[in-house]
Amino acid sequence: MGELRLAVAGAGLGGLCLAQGLRRAGIDVEVYERDAGPLVRQQGYRLHLDARAGLALERCLPPGLFELFLATCGRPSRRFTVLSDRLRVLHEVRGDEDVDRYAPATMATSVHRQTLREVLGAGLEGRIHYGRELTGFDASAAGVRLNFADGSSAEADLLVGADGVASAVRRQLLPHARVVDTGGRCLYSRTPLTEEARELLPPALHQGFTAFVGGRIGMAAGLVCLRQSPERAAARIAPDVRLSPVADYMMWAVTAQRAAFRTSDAALTAADPATLHALASRAVRSWHPDLLRLVALAEPEHTFLARIRTALPVPAWEPGRVTLLGDAIHAMSPARGSGANTALQDAAVLCGALTEAADDPVAAVGRYETEMREYGFAAVEASRRAEAEGGARGAGRLAFGLYRHLARG
(Lines give C-alpha, C1' and ligand atoms only; values in the text may rest on other atoms or scores of the structure.)
Protein backbone atom coordinates (compact mmCIF):
# COMPACT_ATOMS: atom_id res chain seq x y z
CA MET A 1 0.00 0.00 0.00
CA GLY A 2 2.88 2.32 0.74
CA GLU A 3 3.98 2.10 -2.91
CA LEU A 4 0.99 4.17 -4.06
CA ARG A 5 1.90 7.86 -4.39
CA LEU A 6 -0.84 10.48 -4.28
CA ALA A 7 -0.62 14.18 -5.01
CA VAL A 8 -3.27 16.57 -3.70
CA ALA A 9 -3.65 20.00 -5.29
CA GLY A 10 -4.97 22.31 -2.59
CA ALA A 11 -4.42 22.52 1.17
CA GLY A 12 -7.97 23.40 2.12
CA LEU A 13 -10.10 21.40 4.53
CA GLY A 14 -10.94 18.58 2.12
CA GLY A 15 -7.42 18.20 0.78
CA LEU A 16 -5.87 18.14 4.24
CA CYS A 17 -8.46 15.70 5.59
CA LEU A 18 -7.73 13.37 2.68
CA ALA A 19 -3.98 13.65 3.32
CA GLN A 20 -4.49 12.75 6.99
CA GLY A 21 -6.58 9.73 6.09
CA LEU A 22 -4.08 8.51 3.50
CA ARG A 23 -1.15 8.89 5.87
CA ARG A 24 -3.10 7.02 8.54
CA ALA A 25 -3.64 4.22 6.01
CA GLY A 26 0.05 4.13 5.11
CA ILE A 27 -0.35 5.69 1.65
CA ASP A 28 2.28 8.19 0.51
CA VAL A 29 0.84 11.67 -0.14
CA GLU A 30 2.14 15.15 -0.98
CA VAL A 31 0.01 18.31 -0.87
CA TYR A 32 0.69 21.26 -3.19
CA GLU A 33 -0.86 24.63 -2.34
CA ARG A 34 -0.70 27.75 -4.52
CA ASP A 35 -0.80 30.17 -1.57
CA ALA A 36 2.53 31.18 -0.10
CA GLY A 37 1.38 30.08 3.36
CA PRO A 38 -1.70 29.12 5.35
CA LEU A 39 -2.55 32.67 6.48
CA VAL A 40 -2.10 34.79 3.36
CA ARG A 41 -5.81 35.36 2.66
CA GLN A 42 -9.17 35.32 4.42
CA GLN A 43 -11.09 32.07 4.00
CA GLY A 44 -13.87 32.39 6.52
CA TYR A 45 -14.50 32.25 10.24
CA ARG A 46 -17.30 30.18 11.72
CA LEU A 47 -18.23 26.87 10.07
CA HIS A 48 -21.15 24.60 10.88
CA LEU A 49 -20.23 20.90 10.97
CA ASP A 50 -22.70 18.03 10.90
CA ALA A 51 -22.50 14.23 10.93
CA ARG A 52 -20.90 14.13 7.48
CA ALA A 53 -17.92 16.01 8.87
CA GLY A 54 -17.97 14.20 12.21
CA LEU A 55 -17.76 10.75 10.66
CA ALA A 56 -15.18 11.86 8.08
CA LEU A 57 -12.88 13.43 10.66
CA GLU A 58 -13.18 10.42 12.95
CA ARG A 59 -12.18 8.16 10.06
CA CYS A 60 -9.30 10.24 8.70
CA LEU A 61 -7.66 11.86 11.73
CA PRO A 62 -5.37 10.01 14.12
CA PRO A 63 -7.16 9.56 17.47
CA GLY A 64 -5.14 12.30 19.20
CA LEU A 65 -5.93 14.88 16.54
CA PHE A 66 -9.60 13.91 16.53
CA GLU A 67 -9.66 14.48 20.30
CA LEU A 68 -8.00 17.85 19.73
CA PHE A 69 -10.60 18.74 17.12
CA LEU A 70 -13.43 17.93 19.54
CA ALA A 71 -11.80 19.94 22.32
CA THR A 72 -11.57 23.03 20.11
CA CYS A 73 -15.09 22.97 18.65
CA GLY A 74 -17.42 25.83 19.41
CA ARG A 75 -20.20 25.67 21.93
CA PRO A 76 -23.24 24.48 19.98
CA SER A 77 -26.39 26.46 19.34
CA ARG A 78 -29.49 25.65 21.34
CA ARG A 79 -31.84 27.72 19.19
CA PHE A 80 -31.96 29.24 15.70
CA THR A 81 -33.71 32.60 15.50
CA VAL A 82 -34.75 34.95 12.72
CA LEU A 83 -35.09 38.57 13.83
CA SER A 84 -36.22 41.67 11.97
CA ASP A 85 -33.81 44.54 11.51
CA ARG A 86 -35.53 46.12 14.54
CA LEU A 87 -34.90 42.95 16.63
CA ARG A 88 -38.45 41.61 16.51
CA VAL A 89 -38.61 37.78 16.61
CA LEU A 90 -39.92 36.42 13.30
CA HIS A 91 -39.11 32.74 13.63
CA GLU A 92 -37.27 30.39 15.95
CA VAL A 93 -36.36 26.71 16.07
CA ARG A 94 -35.24 25.00 19.25
CA GLY A 95 -32.63 22.26 19.04
CA ASP A 96 -33.00 18.72 20.35
CA GLU A 97 -31.51 18.77 23.85
CA ASP A 98 -31.15 14.97 23.92
CA VAL A 99 -28.68 14.80 21.01
CA ASP A 100 -24.94 14.60 21.65
CA ARG A 101 -23.76 17.35 19.32
CA TYR A 102 -20.12 16.26 19.55
CA ALA A 103 -20.62 12.55 18.74
CA PRO A 104 -19.53 11.89 15.14
CA ALA A 105 -22.83 10.36 13.99
CA THR A 106 -24.97 13.15 15.48
CA MET A 107 -22.53 16.05 15.23
CA ALA A 108 -24.07 19.51 15.10
CA THR A 109 -21.59 22.11 16.22
CA SER A 110 -19.40 24.94 14.97
CA VAL A 111 -15.67 25.47 14.55
CA HIS A 112 -13.28 28.31 13.90
CA ARG A 113 -12.16 27.56 10.36
CA GLN A 114 -8.49 28.38 10.92
CA THR A 115 -8.30 26.20 14.03
CA LEU A 116 -9.77 23.26 12.11
CA ARG A 117 -7.31 23.85 9.29
CA GLU A 118 -4.40 23.89 11.73
CA VAL A 119 -5.58 20.63 13.30
CA LEU A 120 -5.90 19.06 9.85
CA GLY A 121 -2.40 20.20 8.93
CA ALA A 122 -0.75 18.90 12.11
CA GLY A 123 1.88 16.28 11.36
CA LEU A 124 1.81 17.04 7.64
CA GLU A 125 4.25 19.95 7.76
CA GLY A 126 6.87 18.20 5.63
CA ARG A 127 4.26 17.12 3.08
CA ILE A 128 2.52 20.47 2.46
CA HIS A 129 4.35 22.49 -0.19
CA TYR A 130 3.27 26.14 -0.28
CA GLY A 131 3.81 28.46 -3.23
CA ARG A 132 3.26 25.61 -5.72
CA GLU A 133 0.50 26.68 -8.11
CA LEU A 134 -0.64 23.80 -10.28
CA THR A 135 -1.27 24.90 -13.87
CA GLY A 136 -1.88 21.54 -15.49
CA PHE A 137 -1.03 17.86 -15.62
CA ASP A 138 -0.02 15.11 -18.02
CA ALA A 139 -1.77 11.81 -17.30
CA SER A 140 -0.94 8.42 -18.74
CA ALA A 141 -1.68 4.80 -17.91
CA ALA A 142 1.43 4.77 -15.72
CA GLY A 143 0.86 7.90 -13.67
CA VAL A 144 0.53 11.70 -13.59
CA ARG A 145 3.00 14.53 -13.98
CA LEU A 146 2.03 17.75 -12.22
CA ASN A 147 3.12 21.00 -13.85
CA PHE A 148 3.53 24.13 -11.70
CA ALA A 149 3.59 27.83 -12.50
CA ASP A 150 7.24 28.14 -11.48
CA GLY A 151 8.25 25.66 -14.18
CA SER A 152 8.79 22.75 -11.82
CA SER A 153 7.01 19.41 -11.92
CA ALA A 154 6.27 16.40 -9.73
CA GLU A 155 5.26 12.80 -10.30
CA ALA A 156 2.45 10.79 -8.71
CA ASP A 157 0.31 7.73 -9.31
CA LEU A 158 -2.88 9.72 -8.72
CA LEU A 159 -3.75 13.44 -8.64
CA VAL A 160 -6.65 14.76 -6.57
CA GLY A 161 -7.84 18.24 -7.47
CA ALA A 162 -8.93 19.85 -4.20
CA ASP A 163 -8.09 23.31 -5.55
CA GLY A 164 -11.41 25.06 -5.06
CA VAL A 165 -14.08 26.62 -7.21
CA ALA A 166 -11.56 27.94 -9.76
CA SER A 167 -9.89 24.53 -10.00
CA ALA A 168 -7.15 24.21 -12.63
CA VAL A 169 -7.54 20.43 -12.38
CA ARG A 170 -11.25 20.61 -13.25
CA ARG A 171 -10.64 22.95 -16.19
CA GLN A 172 -8.38 20.36 -17.81
CA LEU A 173 -10.11 17.16 -16.69
CA LEU A 174 -13.70 18.31 -17.32
CA PRO A 175 -13.55 21.40 -19.55
CA HIS A 176 -17.31 21.21 -20.09
CA ALA A 177 -18.08 21.48 -16.35
CA ARG A 178 -19.63 24.83 -15.49
CA VAL A 179 -19.81 26.93 -12.33
CA VAL A 180 -22.40 29.74 -12.39
CA ASP A 181 -22.62 32.94 -10.37
CA THR A 182 -25.96 33.16 -8.53
CA GLY A 183 -25.62 36.91 -8.02
CA GLY A 184 -25.57 36.58 -4.25
CA ARG A 185 -22.83 38.42 -2.39
CA CYS A 186 -21.71 38.12 1.25
CA LEU A 187 -19.57 40.59 3.15
CA TYR A 188 -18.02 38.58 5.97
CA SER A 189 -16.35 39.95 9.08
CA ARG A 190 -16.02 39.40 12.79
CA THR A 191 -16.55 41.51 15.88
CA PRO A 192 -14.43 40.75 18.96
CA LEU A 193 -16.57 40.07 22.03
CA THR A 194 -15.36 42.98 24.12
CA GLU A 195 -17.39 44.06 27.13
CA GLU A 196 -19.13 46.68 24.99
CA ALA A 197 -19.95 44.19 22.25
CA ARG A 198 -21.34 41.64 24.70
CA GLU A 199 -23.73 44.22 26.12
CA LEU A 200 -25.05 44.95 22.62
CA LEU A 201 -25.76 41.32 21.66
CA PRO A 202 -29.46 40.50 21.17
CA PRO A 203 -30.49 37.76 23.64
CA ALA A 204 -31.15 35.37 20.74
CA LEU A 205 -27.44 35.35 19.83
CA HIS A 206 -26.56 33.89 23.22
CA GLN A 207 -28.81 30.93 22.37
CA GLY A 208 -27.50 30.24 18.89
CA PHE A 209 -27.15 31.20 15.27
CA THR A 210 -29.29 34.18 14.27
CA ALA A 211 -30.42 35.69 10.96
CA PHE A 212 -31.53 39.31 10.66
CA VAL A 213 -33.90 40.36 7.87
CA GLY A 214 -34.41 43.91 6.65
CA GLY A 215 -35.73 44.93 3.23
CA ARG A 216 -33.29 43.88 0.52
CA ILE A 217 -30.52 43.06 2.99
CA GLY A 218 -29.98 40.15 5.36
CA MET A 219 -27.35 39.47 7.97
CA ALA A 220 -26.39 36.15 9.51
CA ALA A 221 -24.49 36.07 12.79
CA GLY A 222 -23.13 33.51 15.21
CA LEU A 223 -20.92 33.56 18.27
CA VAL A 224 -17.64 31.68 18.27
CA CYS A 225 -16.74 30.65 21.81
CA LEU A 226 -14.57 27.55 21.72
CA ARG A 227 -14.92 24.78 24.32
CA GLN A 228 -11.22 25.11 25.18
CA SER A 229 -8.61 27.60 24.03
CA PRO A 230 -6.72 26.00 21.12
CA GLU A 231 -3.24 26.50 22.57
CA ARG A 232 -4.17 25.00 25.96
CA ALA A 233 -6.02 22.09 24.37
CA ALA A 234 -3.00 21.34 22.19
CA ALA A 235 -0.63 21.50 25.17
CA ARG A 236 -2.81 18.97 27.01
CA ILE A 237 -3.70 16.59 24.16
CA ALA A 238 -1.00 16.95 21.48
CA PRO A 239 2.03 18.85 22.82
CA ASP A 240 3.80 18.76 19.44
CA VAL A 241 0.94 20.64 17.75
CA ARG A 242 0.90 24.44 17.70
CA LEU A 243 -2.51 26.08 17.43
CA SER A 244 -3.10 29.81 17.17
CA PRO A 245 -4.99 31.58 19.99
CA VAL A 246 -8.61 32.45 19.21
CA ALA A 247 -10.44 35.10 21.21
CA ASP A 248 -14.25 34.91 21.37
CA TYR A 249 -15.97 36.79 18.55
CA MET A 250 -19.21 37.26 16.66
CA MET A 251 -19.06 36.22 13.02
CA TRP A 252 -21.41 38.15 10.76
CA ALA A 253 -22.19 38.19 7.05
CA VAL A 254 -24.17 40.96 5.39
CA THR A 255 -25.89 39.21 2.49
CA ALA A 256 -27.81 40.39 -0.56
CA GLN A 257 -28.03 40.24 -4.31
CA ARG A 258 -25.16 42.25 -5.78
CA ALA A 259 -27.34 45.16 -6.94
CA ALA A 260 -28.41 45.87 -3.36
CA PHE A 261 -24.91 47.07 -2.44
CA ARG A 262 -25.31 49.95 -4.90
CA THR A 263 -21.91 49.61 -6.41
CA SER A 264 -20.59 47.78 -9.41
CA ASP A 265 -19.43 44.22 -9.14
CA ALA A 266 -16.02 45.35 -10.39
CA ALA A 267 -15.83 47.84 -7.53
CA LEU A 268 -16.83 45.16 -5.03
CA THR A 269 -14.13 42.87 -6.36
CA ALA A 270 -11.46 45.57 -6.19
CA ALA A 271 -12.47 46.92 -2.78
CA ASP A 272 -10.04 46.60 0.12
CA PRO A 273 -11.24 45.27 3.52
CA ALA A 274 -11.88 48.75 4.95
CA THR A 275 -14.06 49.67 1.96
CA LEU A 276 -15.99 46.41 2.23
CA HIS A 277 -16.58 47.09 5.92
CA ALA A 278 -17.88 50.54 5.06
CA LEU A 279 -20.22 49.03 2.46
CA ALA A 280 -21.56 46.56 5.02
CA SER A 281 -22.13 49.39 7.50
CA ARG A 282 -23.94 51.43 4.84
CA ALA A 283 -26.13 48.48 3.87
CA VAL A 284 -27.53 48.19 7.42
CA ARG A 285 -27.51 51.89 8.31
CA SER A 286 -31.28 51.98 8.94
CA TRP A 287 -31.23 48.97 11.27
CA HIS A 288 -31.44 48.86 15.06
CA PRO A 289 -28.66 50.95 16.66
CA ASP A 290 -27.28 47.92 18.53
CA LEU A 291 -26.77 46.04 15.27
CA LEU A 292 -25.13 49.06 13.66
CA ARG A 293 -22.75 49.35 16.58
CA LEU A 294 -21.88 45.63 16.47
CA VAL A 295 -20.97 46.00 12.80
CA ALA A 296 -19.00 49.17 13.54
CA LEU A 297 -17.01 47.37 16.27
CA ALA A 298 -15.80 44.73 13.82
CA GLU A 299 -12.19 44.43 12.75
CA PRO A 300 -12.28 46.16 9.33
CA GLU A 301 -9.09 44.46 8.18
CA HIS A 302 -10.80 41.07 8.54
CA THR A 303 -13.72 41.91 6.23
CA PHE A 304 -13.86 40.10 2.89
CA LEU A 305 -16.18 39.44 -0.03
CA ALA A 306 -17.58 36.05 -1.01
CA ARG A 307 -19.48 35.46 -4.26
CA ILE A 308 -22.09 32.75 -4.17
CA ARG A 309 -21.37 30.32 -7.00
CA THR A 310 -22.79 26.91 -7.73
CA ALA A 311 -21.72 24.02 -9.97
CA LEU A 312 -23.96 22.51 -12.60
CA PRO A 313 -24.27 18.70 -12.55
CA VAL A 314 -21.79 16.83 -14.74
CA PRO A 315 -22.65 13.51 -16.40
CA ALA A 316 -20.52 10.54 -15.42
CA TRP A 317 -17.03 10.52 -16.89
CA GLU A 318 -14.50 7.74 -17.36
CA PRO A 319 -12.42 7.32 -14.19
CA GLY A 320 -8.68 7.66 -14.45
CA ARG A 321 -5.64 8.80 -12.51
CA VAL A 322 -7.02 12.28 -11.88
CA THR A 323 -10.08 13.08 -9.77
CA LEU A 324 -11.73 15.97 -7.95
CA LEU A 325 -12.89 16.79 -4.45
CA GLY A 326 -14.96 19.49 -2.74
CA ASP A 327 -15.59 22.86 -4.43
CA ALA A 328 -13.42 21.77 -7.35
CA ILE A 329 -16.31 19.57 -8.53
CA HIS A 330 -19.49 20.45 -6.58
CA ALA A 331 -19.25 24.09 -5.50
CA MET A 332 -22.47 25.17 -3.84
CA SER A 333 -24.29 28.02 -2.15
CA PRO A 334 -23.87 28.19 1.64
CA ALA A 335 -27.65 27.90 1.88
CA ARG A 336 -27.61 24.59 3.74
CA GLY A 337 -24.19 24.78 5.37
CA SER A 338 -23.05 21.85 3.22
CA GLY A 339 -19.88 22.95 1.45
CA ALA A 340 -17.28 22.08 4.07
CA ASN A 341 -19.24 19.04 5.25
CA THR A 342 -19.44 17.61 1.74
CA ALA A 343 -15.73 18.22 1.07
CA LEU A 344 -14.81 16.35 4.25
CA GLN A 345 -17.20 13.56 3.28
CA ASP A 346 -15.44 13.37 -0.10
CA ALA A 347 -12.12 12.97 1.66
CA ALA A 348 -13.34 10.07 3.76
CA VAL A 349 -15.08 8.29 0.88
CA LEU A 350 -12.04 8.59 -1.41
CA CYS A 351 -9.68 7.56 1.37
CA GLY A 352 -11.81 4.51 2.11
CA ALA A 353 -11.99 3.50 -1.56
CA LEU A 354 -8.22 3.78 -1.99
CA THR A 355 -7.50 1.95 1.25
CA GLU A 356 -9.71 -0.96 0.22
CA ALA A 357 -8.34 -1.19 -3.33
CA ALA A 358 -4.86 0.32 -3.32
CA ASP A 359 -3.72 -2.26 -5.85
CA ASP A 360 -6.26 -0.92 -8.39
CA PRO A 361 -6.38 2.85 -7.77
CA VAL A 362 -8.29 3.69 -10.95
CA ALA A 363 -11.10 1.33 -9.95
CA ALA A 364 -11.08 2.89 -6.49
CA VAL A 365 -11.38 6.35 -8.05
CA GLY A 366 -14.31 5.12 -10.12
CA ARG A 367 -16.15 3.85 -7.05
CA TYR A 368 -15.52 7.13 -5.26
CA GLU A 369 -16.70 9.24 -8.19
CA THR A 370 -19.90 7.25 -8.59
CA GLU A 371 -20.81 7.79 -4.95
CA MET A 372 -19.56 11.39 -4.81
CA ARG A 373 -21.55 12.50 -7.84
CA GLU A 374 -24.77 11.26 -6.26
CA TYR A 375 -24.50 12.88 -2.83
CA GLY A 376 -22.37 15.84 -3.99
CA PHE A 377 -24.72 17.15 -6.65
CA ALA A 378 -27.73 16.35 -4.45
CA ALA A 379 -26.20 18.73 -1.91
CA VAL A 380 -25.64 21.32 -4.66
CA GLU A 381 -29.28 21.11 -5.71
CA ALA A 382 -30.59 21.30 -2.14
CA SER A 383 -28.45 24.38 -1.53
CA ARG A 384 -29.59 25.96 -4.80
CA ARG A 385 -33.25 25.43 -3.89
CA ALA A 386 -32.73 26.91 -0.43
CA GLU A 387 -31.10 30.01 -1.87
CA ALA A 388 -33.78 30.36 -4.55
CA GLU A 389 -36.50 30.03 -1.93
CA GLY A 390 -34.87 32.72 0.17
CA GLY A 391 -34.53 34.97 -2.86
CA ALA A 392 -38.17 34.41 -3.81
CA ARG A 393 -39.20 35.87 -0.47
CA GLY A 394 -37.30 39.04 -1.34
CA ALA A 395 -33.59 39.74 -1.33
CA GLY A 396 -33.73 40.81 2.30
CA ARG A 397 -34.95 37.36 3.25
CA LEU A 398 -31.87 35.78 1.66
CA ALA A 399 -30.09 35.46 5.00
CA PHE A 400 -32.89 33.24 6.25
CA GLY A 401 -32.69 31.12 3.13
CA LEU A 402 -28.90 30.94 3.30
CA TYR A 403 -28.46 30.14 6.94
CA ARG A 404 -31.60 28.54 8.32
CA HIS A 405 -30.06 25.07 8.10
CA LEU A 406 -27.32 26.10 10.56
CA ALA A 407 -29.87 25.93 13.38
CA ARG A 408 -28.31 22.93 15.07
CA GLY A 409 -24.73 24.25 14.97
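The model is predicted: local features need pLDDT of at least 70, side-chain atom pairs count only at pLDDT 80 or more, and totals for chains, interfaces and linings use all residues. Residues are numbered from 1 along each chain as its sequence is written, and side-chain values use heavy atoms, with hydrogens and water left out.

**Salt bridges**

- The count comes to 15 salt bridges (a side-chain nitrogen of Lys or Arg within 4 Å of a carboxyl oxygen of Asp or Glu).
- D157 pairs with R5, with the closest N and O atoms 3.6 Å apart. D157 lies in the loop between β10 (153-156) and β11 (158-161) and R5 in strand β1 (residues 5-9), so the pair ties together parts 152 residues apart in sequence. Helices (H or I, at least four residues) and strands (E, at least two) are DSSP runs, numbered from the N terminus.
- D157 is buried at 13% relative accessible area, whereas R5 is partly exposed at 34%. Buried means under 20% relative accessible area, exposed over 50%, and partly exposed in between (1.4 Å probe, protein chains only).
- R190 and E299 form a salt bridge at 2.8 Å, N to O. This pair links strand β12 (residues 179-192), which holds R190, to the loop between α11 (289-296) and β16 (304-311), which holds E299; the two are 109 residues apart. Both R190 and E299 are buried.
- E196 and R293 also meet at 2.8 Å, N to O. E196 sits in helix α6 (residues 195-200) and R293 in helix α11, 97 residues apart. E196 is partly exposed at 35%, and R293 is partly exposed at 35%.
- D181, R185, R258 and D265 belong to one network, joined by salt bridges that share partners.

**Positive patch and R262**

- R216, R262, R282 and R285 gather in a surface patch of positive charge. Patches take residues with over 30% relative accessible area and no salt bridge, joining like charges within 9 Å and nonpolar side chains (Val, Leu, Ile, Met, Phe, Trp, Tyr) within 5 Å.
- R262 lies in the loop between β15 (249-257) and α9 (265-270). R262 is exposed, at 60% relative accessibility.
- R262 has a positive phi, near 55 degrees, though not a glycine.

**L87**

- L87 is not a glycine, yet has a positive phi of about 75 degrees.
- L87 sits in the loop between β4 (79-84) and β5 (89-94). L87 is partly exposed, at 24% relative accessibility.

**Hairpin**

- β8 (residues 134-139) and β9 (residues 144-148) pair antiparallel over five bridges. Pairing requires at least two DSSP bridges between two strands.
- Four residues lie between β8 and β9 in this hairpin. G136 stands opposite N147 in β9.

Methods:
Accessible areas come from the Shrake-Rupley method with a 1.4 Å probe; for residues, only the protein chains shown count as cover. Lys and Arg count as positive and Asp and Glu as negative; His and the chain ends are not counted. The place of a charge is taken as NZ of Lys, CZ of Arg, CG of Asp or CD of Glu.
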